[in-house]
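Trainee: Hi! Could you walk me through this structure?
Mentor: Happy to. Let's open it up together.

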Amino acid sequence: MPTPPDHAEWLRRDDYPVPPAAPLTDAERRIVARFGHWMEALTRGTIAPATPDQEHFVLAARGMEDPTSAFEIAWDKARQAAPAAPAPATLFATAKHLEETRAAAIAIRQEDVSRRLDILAKVQPEIDALDAEMSARLKPLEAEIARLEELLKEGVRATGKTYRHRGIRVTYARGRVTFDNKGLQQYALAHPDVNQFRKVGQPIISLRYVSPDDPKPPPATAADGE
């Protein structure tokens, strides 16, 4: 039976992150590392099982059947060792504690700025005079430094070689080769064989602080984990 295209897409992915604490044999660890992305896609329902063995794998992975095959046993061991996802209430409590702690830190920083401004106000005239003097002396030197740096860079670009002079190093490097990612994705639709060179990295998690004054802030409830 030929491999369904959606299965082939997941089977091309390897290097699944095997939990270090999982009590796996070397053979089981290789199975999880090589086929983990595909097995996870089956477990989550991202792809549908195409054979009776795959149907039994899904049932075993979801705890509805005992694992019997090498794939089922390896996956069961790996998932038992994986850290459990926190409950929404746990995320809510963590986020709330972070919010309160960050508010306390902001208050201290604001107090610090205010007190520093009070101190600086007493010596600000002297600082302004010093700034003016230093700026007048530095400005022509900085302009000459910028001019000389450009001369060196242009010279190295013309020679095509890295140049060193005591504490100065001007490195020459060829221009980077880049590809149009959107164009490659469109090309892959017509030429799926190029997908064998595709690599998918780990998920990227970002944290952003939102001002309470932002329009339509999300409601903070334990149910949705906010």
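This is a predicted model: local features need pLDDT of at least 70, side-chain atom pairs count only at pLDDT 80 or more; totals for chains, interfaces and linings use all residues.

Trainee: Thanks! Which residues of the largest nonpolar core touch the most other members?
Mentor: Leu24, Val32, Met39, Leu42 and Phe57 do, out of 16 residues in that core. A nonpolar core here is a set of buried Ala, Val, Leu, Ile, Met, Phe, Trp, Tyr and Cys residues joined through side-chain atoms within 4.5 Å. Buried means under 20% relative accessible area, exposed means over 50%, and partly exposed is in between, with a 1.4 Å probe and protein chains only.

Trainee: And which elements give two or more residues to this core?
Mentor: Those are α2 (26-44), α3 (52-61) and α4 (70-81). The most come from α2, which gives 6 residues. Helices are DSSP runs (H or I, at least four residues), numbered from the N terminus.

Trainee: What does Phe57 touch?
Mentor: Leaving aside residues up to four places away in sequence, Phe57 touches Met39, Leu42, Thr43, Phe71, Glu72 and Trp75. Contact means heavy atoms within 4.5 Å.

Trainee: Back to α2, then. Where is its kink centred?
Mentor: On Phe35, where α2 has a kink of about 70°. The bend at a residue is the angle between axes fitted to the seven residues ending there and the seven starting there.

Trainee: How far apart are the end C-alpha atoms of α2?
Mentor: They are 25 Å apart, which agrees with the 27 Å that its 19 residues should span at 1.5 Å a residue. That expected span is 1.5 Å times one less than the number of residues.

Trainee: What do the buried residues of α2 pack against?
Mentor: They pack against α1 (5-11), α3 and α4. Among the buried residues of α2 are Ile31, Val32, Trp38, Met39 and Leu42. Just after α2, Gly45 takes a positive phi of about 85°.

Trainee: New topic: how many salt bridges are found in the whole structure?
Mentor: The search finds 11. A salt bridge is a side-chain nitrogen of Lys or Arg within 4 Å of a carboxyl oxygen of Asp or Glu.

Trainee: Which residue does Lys96 pair with in a salt bridge?
Mentor: Glu100, with the closest N and O atoms 2.6 Å apart. Both residues lie in helix α5 (residues 88-159), 4 residues apart, about one turn of the helix.

Trainee: Why does that spacing matter?
Mentor: An α-helix has 3.6 residues a turn, so residues three or four places apart point the same way. Lys96 is partly exposed at 39% relative accessible area, and Glu100 is also partly exposed, at 42%.

Trainee: What about Glu154, which partner does it have?
Mentor: Glu154 forms a salt bridge with Arg157, and their closest N and O atoms are 2.6 Å apart. Both lie in helix α5, 3 residues apart. Glu154 is partly exposed at 44%, whereas Arg157 counts as exposed at 52%. Elsewhere, salt bridges that share partners join Glu9, Arg12 and Arg13 into one network.

How values were computed: Residues are numbered from 1 along each chain as its sequence is written. Side-chain values use heavy atoms; hydrogens and water are left out.
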